[in-house]
Amino acid sequence: MYWNWKTGGIMLGLSFFLAVAAIKPIGVSTQFVIADGIMAAAVDPTLIQKDKKAKSGYSSSNAYLNKSGGKYAKSVAKPLNYSFVFVLSMFLGGLLGRILTKKEAGKPVVKQIPYTHVHRFKNRVLLRYGLTFAGGVIVLWGARLAGGCTSGHMMSGIMQTSISGYIFAAAAFLAAIPTARFIYNNTGGTNE
Amino acid sequence: MNNILLAIILGTLFGFVLQRIGAADPDKIINMLRLKDFHLMKTILAGIGVSSILLFGGMATGLVDGGHLSVKSMYWGVVAGGILLGAGWAMSGFCPGTGVVAAGTGRIDALVFLLGGLAGAGLYGLMFGTLKSTFLMMPLFGGKTTLVQTGEYPAILNTVTSLPGWAVAVLIGVALICIGALLPGNTSDNR
């Protein structure tokens with residue numbers, strides 16, 4: 001169903017290499033801020049202002065959007081930029097992957113409620129959504145505090161031998177392994 | 001080439017690859033983190049190794065512009081944020097990138113994750129004004145620092161080894177691939 005680790009490793013490595021060779025290292029979590037900014041600016045048009053004094057040419061009343069010379073404020077004002085379109089295109093990549101996935105007998109192409117969840121919590125769908133919503137809040141709040149996520153810090157970071165990348169990866173796995181073993185149990189099969 | 005066209009091509013490729021290696025499947029993530037299935041871990045280690053070898057090899061031969069590198073700063077928030085991201089990753093089976101890709105594969109739980117993510121990122125944006133002057137933002141190890149010399153950033157190993165930086169980076173890349181190869185495999189058949 002999935003690529004073996006050698007094919008997968010080469011393709012994953014090529015994706016990260018091509019991105020940095022062509023433009024810059026891959027990163028994702030910043031674009032959640034840009035998406036929030038676009039929605040907030042639609043409600044409050046005064047949020048982002050053109051500002052000749054700012055390094056980016058834009059400033060914001062929000063301290064976060066305004067940081068580093070209004071870098072994020074500019075991306076919110078001009079959403080058709082490389083990094084934002086890159087992340088939107090990842091959605092298409094997922095869709096393409098699904099379309100090209102061969103259906104195996106007796107297995108759904110996409111298992112809407114994961115086997116690991118069913119194994120531990122039966123078919124409690126609302127609990128699954130509760131875990132993913134809360135997970136999303138914690139993941140993105142944490143990623144913004146860290147200044148990057150699995151793509152930007154862990155993969156792109158270690159690729160460049162960044163100190164922050166190694167430390168981020170260690171911190172993330174140190175928290176993730178016990179959490180996964182606690183929530184989803186460390187016994188039982190991996191199939192159902 | 002036009003930057004937007006490049007973003008579409010490279011973003012679609014990255015999303016497709018993440019789906020193909022199983023990274024957009026929360027079972028694969030959770031089973032990796034439960035230490036039950038190392039298939040994805042092997043792939044990630046190999047992926048980082050391959051990209052690092054190509055990047056530093058490319059820079060050493062002048063084929064890749066070192067100015068494209070972008071090293072992130074090291075500060076206490078990286079540790080705290082990494083711990084939080086790890087906990088939420090294990091809880092949901094998604095990280096920001098794989099959440100987007102999984103939503104693209106038609107997963108409803110991934111859409112819910114993205115909504116949570118937008119809320120989390122928004123909350124951080126509102127809190128940044130008070131967080132920015134705390135110890136969490138204090139640089140560590142000189143902030144934007146790398147292990148080996150890349151050009152513009154300070155490097156820790158610069159004065160320790162006589163090997164050129166790119167060679168050390170290639171060796172680290174090879175080591176990551178070897179660790180990936182040594183991790184137990186052959187579990188991909190039971191997902």
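1. The centres of domain 1 and domain 2 of chain A, taken over C-alpha atoms, are separated by 20 Å. Domain 1 of chain A covers 1-104 and domain 2 covers 111-192, the bounds coming from an automatic or database domain assignment. This is a predicted model, in which local features need pLDDT of at least 70, side-chain atom pairs count only at pLDDT 80 or more, and totals for chains, interfaces and linings use all residues. Residues are numbered from 1 along each chain as its sequence is written, while chains are lettered from A and ligands numbered from 1 in the order in which they are written.

2. Between the two domains of chain A, eight residues of domain 1 are in contact with eleven residues of domain 2; two residues are in contact if their C-beta atoms, placed from the backbone, lie within 7 Å. On the domain 1 side, the touching residues are six nonpolar, two polar and no charged. Here Ala, Val, Leu, Ile, Met, Phe, Trp, Tyr, Cys and Pro count as nonpolar, Asp, Glu, Lys and Arg as charged, and the others, Gly among them, as polar.

3. Across the interface of the two chains, 106 residues of chain A are in contact with 112 residues of chain B. Helices of chain A that each supply at least two residues to this side include H1 (5-22), H4 (82-99) and H8 (163-183). The most comes from H6(A), with 18 residues. Helices (H or I, at least four residues) and strands (E, at least two) are DSSP runs, numbered from the N terminus. By class, the side of chain A that touches chain B holds 66 nonpolar, 32 polar and eight charged residues.

4. Chain B contains seven helices and zero strands. Its C-alpha trace spans about 50 × 50 × 40 Å along its principal axes. Among contacts in chain B between residues at least 6 apart in sequence, 60% join residues at least 24 apart. Of the 191 residues of chain B, 59% count as buried, that is, with 20 or more other C-beta atoms, placed from the backbone, within 10 Å of their own.

5. The largest nonpolar core has 115 residues, of which Ala172(A) and Ala90(B) touch the most other members. Such a core is a set of buried Ala, Val, Leu, Ile, Met, Phe, Trp, Tyr and Cys residues joined through C-beta atoms within 7 Å. Helix H3 (residues 39-60) of chain B gives the largest share of this core, twelve residues.

6. Leaving aside neighbours within four places in sequence, Ala90(B) is in contact with Ala176(A), Thr179(A), Ala180(A) and Ile183(A), and also with Ile30(B) and Leu33(B).

Methods
Buried ≥ 20, exposed ≤ 12 C-beta atoms within 10 Å, placed from the backbone.
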